[in-house]
Every structure is written in structure tokens, then in C-alpha cells.
Amino acid sequence: MEFSPFNHVVKLCIHGMIMEEQNKPEEAEQLFEKGWNEATNDFEKFLAAYYMARNQKIVSARLKWFEIALEHALKVDDDSAKSAFHSLYLKIARCYEELSYPEKAKEYDRLAISVQDKIFDKGPFYHGTKADLKIDDLLTAGGNSNYKAEFKMNHIYFTALINGAGLAAALAKGDGPERVYIVEPTGIFENDPNLTDKKFPGNLTRSYRSEAPLKIIGEVTDWNKPGSEELQKFRGKLENNKGEIIN
């Protein structure tokens, strides 16, 4: 499945994280447990189990839930889930370390190293904007951030999730229609550090950035556009975000 901030289980996990920030661990656990009970596929079960694990105070219980999260992540044939392997392996290793199983800890540390900084994604890749562009045009770094206008961005950003690019287009500055272009990186690229291993494990939004230009090779017109109410809530969260942009 494609990761979406509007997915029911994802929203429960986000609400649970808000409860954690408000120092309400019991309410958070109830929301994560609700997410687990209402998950309908391996991706949702992996995500809900990950947050169930984070909320456990007993190490053995934390290990159990992280292993459940890994079990379901391994069943998902999706680059979003694969991006979380590094984080899951490390957390499992630390649990075994606390439980005095050094050999198991080393085993999972080795697994973590084997996927560290690895990008599984082969695309296709998309960029959402309100700019009117043509095939073979190049998108380059140096534009203003959509989220903090005073920032000149040192990278150009893109995603492998078409609906994510559509959301970016809806949030972009400008009065033109929302456009989602198919793009081709012309140089090396990396996971977007503003999103990778932040609130969610790995790079679930399959968001990337590059200092090299992106070449436009096509355009898509069919994606799931968020409703006006959902979009307004999303804009509100961005406006209230106090975090620093890694530029």
C-alpha cells in the first residue's frame, strides 16, 4: 500500500504521538493498540506494532513488538517498508543488548549495517508543483521552501509516491493548477533527512533530494487529491511546525 497521512491507522498513530508529546502515555497506548486492532494489512500492522513497541517500558515486551513489526515489514513488498529495516534492526539489537544477549545484538547490528543508507527505490519518481513546465525542462535547486519562505533550498526534492507529489503540489506556492510531473534524477540522490527516521521509521513517504537537476520526462493527471478540510488541517500542522529544516 502507499503510505498516506490520511490513512486511518496512520492517523491513529499520529494522534498517539501527539498524546506522547503531551505526556499522556496511557492515551497514546490506547491509540496505538486501536491502530493494531484495526490494521487490515501487513503495512498497517508493521506501523502499529512499531508504535506499540516504542510505548513498552519492559524491554522484553518492547523486543516482542519490534520483532512483530519486523515480521510484518518483511512481508510487505514495498519500498516504504524496506526503508524501515535499518531502524528496526537497530532497535531490536539494542533490546537484545539490554537483555544481555550480546551475540543476538551483534547479529542485528550487522543486519542494520547491511542496509544503512541503502535506497531500494527504483522509481518512477514525481515532483508536485504549480509551475507550468515542459518535457525536458530541468528542475534545479535554489528555490524558496514551500514551508519556510525565508529558506533557499540547496536541494531539489521529489518522491516515488504519486499522491505525495500531489499533496506537495496542493501545498506549493502559486496560483496555477496543481501539476505532478514524472522526473528523472540526473545525479546522485539521498533520502530526505527532514522526513527519514523522524516521526515515522525509515523513509515511509519515499521522499528524496538531490543537488543535481531533475529532468521532466512526463506528467500525470490522475492522483487522489485530498479534500479541502484535510488539506487545511495539513497546512495548519505545517504552519505550527517548529522543527528546523535540514538544508
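Reply: Let's begin with a term: a disulfide is a pair of cysteine sulfur atoms within 2.5 Å. This is a predicted model, in which local features need pLDDT of at least 70 and side-chain atom pairs count only at pLDDT 80 or more, while totals for chains, interfaces and linings use all residues. Residues are numbered from 1 along each chain as its sequence is written, and side-chain values use heavy atoms, with hydrogens and water left out.

Me: ok, how many disulfides does that rule give?
Reply: The count comes to 0 disulfides. Cysteine 13 is in no disulfide, and the nearest cysteine sulfur, that of cysteine 95, is 18 Å away.

Me: is cysteine 13 buried or exposed? and cysteine 95?
Reply: Buried means under 20% relative accessible area, exposed over 50%, and partly exposed in between, with a 1.4 Å probe and protein chains only. Cysteine 13 counts as buried because its relative accessibility is 0%, and cysteine 95 counts as buried at 2%.

Me: switching topic, which residues touch the most other members in the largest nonpolar core?
Reply: They are Phe3, Phe46, Leu47, Tyr51, Leu88 and Phe200, out of 47 residues in that core. A nonpolar core here is a set of buried Ala, Val, Leu, Ile, Met, Phe, Trp, Tyr and Cys residues joined through side-chain atoms within 4.5 Å.

Me: which element gives the largest share?
Reply: Helix 3 does, with 9 residues. Among the other elements that give two or more residues to this core are helix 1 (8-21) and helix 4 (59-75). Helices (H or I, at least four residues) and strands (E, at least two) are DSSP runs, numbered from the N terminus.

Me: what about strands, which ones pair with strand 7?
Reply: Two strands pair if DSSP finds at least two bridges between them. Strand 4 (residues 179-185) pairs with strand 7 in the antiparallel sense over 6 bridges, and in this region isoleucine 182 stands opposite glycine 218 in strand 7. Strand 2 (residues 138-139) also pairs with strand 7 (residues 214-220) in the antiparallel sense, over 2 bridges, and there leucine 138 has lysine 215 as its bridge partner.
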